[in-house]
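Please keep the sequence and the structure in view while reading.

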Amino acid sequence: MESPFHISADRLAFGIDNAICLDVISRFKEKPIIPATSFKGILRHNIETVLNSKEKFGCISPKPEEMCNECIICKNFGSPKNKALLMFEDISIENGEINKRIGIAIERRRKITKEKQLFTYQTGFGKESIAKIKGIFENENDALTACALLYIGIKVGFSLGHGKSRGLGWIKLKTFEAKIDNINKNLEQIKEKIKEIFK
Ligand SMILES: [Zn+2]
């Protein structure tokens, strides 16, 4: 992580307006979490953007009526008609830090006066964390396609959660490791597959 992140959690926290998800280990030990759904959503969005820009698909989530159900993104990430082949887990950040910040919200509902409101929000940070994504596939080719998609999605570079313009949530990929049936796949094989997808 290059900066702290904020992904709003649907939970109440004392003294904080917008809390993040936490992994509660004990009363005194908590770790920030990147929820699986958020991570999956970002990757899917990145992959859609890249593939749609190459005019490969016209598939846009999350609106069900705009999802084709048939493309490799729908197959791997799921659609109203397909169960996803990929399974994401929450990313619990080892040695993660949890902090509180103050933000300013500008209320624009009133026509003349803009009202400024202070609010507090939580951020999570950790230098490094590991995201594990698993999948069950019919054959090696499908598994390799999934690896290729994930590599596209993560390599594009992205920010997590809210406050990108305030410098929040910037993340950089350090290493990408792919295993099929417990055998390591090298990056060249994955890059070959990416070329095939773009053909
Ligand atoms: Zn689709």
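In what follows, Ala, Val, Leu, Ile, Met, Phe, Trp, Tyr, Cys and Pro count as nonpolar, Asp, Glu, Lys and Arg as charged, and the others, Gly among them, as polar. The model is predicted. On that division, the lining of the largest pocket holds 22 nonpolar, six polar and 13 charged residues.

**Largest pocket**
- The space in the largest pocket comes to about 1,400 Å³, and of the 41 residues lining this pocket, Ile-130, Ala-131, Lys-132, Ile-133 and Glu-177 are the closest to its centre.
- Two or more lining residues are given by each of H1, strand S7 (133–135), helix H3 (140–155) and strand S10 (178–180), with H3 supplying the largest share, seven residues.

**Second largest pocket**
- The second largest pocket has a volume of about 190 Å³, and among its 13 lining residues those nearest its centre are Ile-91, Ser-92, Ile-130, Ala-131 and Lys-132.
- Its lining divides into six nonpolar, two polar and five charged residues.

**Helix H1**
- Helix H1, which covers residues 36–53 and so has 18 residues, spans 26 Å from its first C-alpha to its last, close to the 26 Å expected at 1.5 Å a residue.
- Buried within H1 are Ala-36, Phe-39, Ile-42, Leu-43, Arg-44, Asn-46, Ile-47, Glu-48, Val-50 and Leu-51.
- After H1 comes Glu-55, which has a positive phi, near 55 degrees.

Notes: Residues are numbered from 1 along each chain as its sequence is written. This is a predicted model: local features need pLDDT of at least 70, side-chain atom pairs count only at pLDDT 80 or more; totals for chains, interfaces and linings use all residues. Side-chain values use heavy atoms; hydrogens and water are left out. Helices (H or I, at least four residues) and strands (E, at least two) are DSSP runs, numbered from the N terminus. Buried means under 20% relative accessible area, exposed over 50%, partly exposed in between (1.4 Å probe, protein chains only). On a 1 Å grid over the protein atoms alone, a cavity is a set of points where a 1.4 Å probe fits but cannot get out, and a pocket is an open set with protein on both sides within 12 Å along at least five of seven lines; lining residues have an atom within 4 Å of a point. Grid points are joined across faces, edges and corners, and a volume is the space filled by probe spheres set on the points.
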